[in-house]
Amino acid sequence: MAPTDKLIHPQYPILSWLRIIGNAFFIFGYAVILFNSVQLGIYFRLFGNLLSFPYFYRVRMWDMMTVRSFFAVIELSKLIQILFFGGS
């Protein structure tokens, strides 16, 4: 197995764990959106992004940062709608 195939990046172990936890929050947030609360699910997904972004930036995963940023903009617009206009 090549070093790049490992789950934990050898140079950035803390950032790797933050990425793993952040991805779990991101996926869990999606399930919460589907089955429970849109607002709570958005909070989970945004928190997951915050945890994952430092790793993506450090290892130059610009594609992941672009896709996650795109989702974050959509989620923030929905959160603003919920908080300020009472939308569901």
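## Basis

The model is predicted: local features need pLDDT of at least 70, side-chain atom pairs count only at pLDDT 80 or more, and totals for chains, interfaces and linings use all residues. Residues are numbered from 1 along each chain as its sequence is written, and side-chain values use heavy atoms, with hydrogens and water left out.

## Overall fold

The protein chain has 3 helices and 0 strands. Helices (H or I, at least four residues) and strands (E, at least two) are DSSP runs, numbered from the N terminus. The order along the sequence is α-α-α. The C-alpha trace spans about 50 × 25 × 15 Å along its principal axes.

Of the 88 residues in the protein chain, 28% are buried. Buried means under 20% relative accessible area, exposed over 50%, and partly exposed in between (1.4 Å probe, protein chains only). The accessible surface of the protein chain is about 6,100 Å². Carbon and sulfur atoms account for 71% of that surface. Areas come from the Shrake-Rupley method with a 1.4 Å probe; for residues, only the protein chains shown count as cover.

Contact means heavy atoms within 4.5 Å. Among contacts between residues at least 6 apart in sequence, 51% join residues at least 24 apart.

## Helix α3

Helix α3 (62-85) has 24 residues. From first C-alpha to last it reaches 33 Å, close to the 34 Å expected at 1.5 Å a residue. The expected span is 1.5 Å times one less than the number of residues.

The buried residues of α3 are M65, R68, A72, E75, L79 and I82. They pack against α1 (13-35) and α2. Just after α3, G86 takes a positive phi of about 70°.

## Nonpolar patch

L40, Y43, I80, L83, F84 and F85 make a nonpolar surface patch of about 660 Å². Two elements give two or more residues to the patch: α2 (38-58) and α3 (62-85). The largest share, 4 residues, comes from α3.

Patches are made of residues with over 30% relative accessible area and no salt bridge: like charges are joined within 9 Å, nonpolar side chains (Val, Leu, Ile, Met, Phe, Trp, Tyr) within 5 Å. A salt bridge is a side-chain nitrogen of Lys or Arg within 4 Å of a carboxyl oxygen of Asp or Glu. F84 lies in α3. F84 counts as exposed because its relative accessibility is 62%.

## Aromatic pairs

Rings of Phe, Tyr and Trp (its six-membered ring) pair if their centres lie within 6.5 Å; planes under 30 degrees apart count as stacked, over 60 as edge-to-face and the rest as tilted. The count is 7 aromatic pairs. Y57 and W62 form an edge-to-face pair, at 5.7 Å centre to centre and 75° between the planes. Y57 is exposed, at 54% relative accessibility. W62 is partly exposed, at 47%.

Ring pairs also link F25, F28, F44 and F47 into a cluster.

S52 sits in helix α2. S52 is buried, with a relative accessible area of 0%. Leaving aside neighbours within four places in sequence, S52 contacts L18, R19, G22, N23 and R68. R68 is itself one of the buried residues of α3.

S69 belongs to helix α3. At 30% relative accessibility, S69 is partly exposed. S69 and I42 are 27 residues apart along the chain, and their C-alpha atoms are separated by 13 Å.
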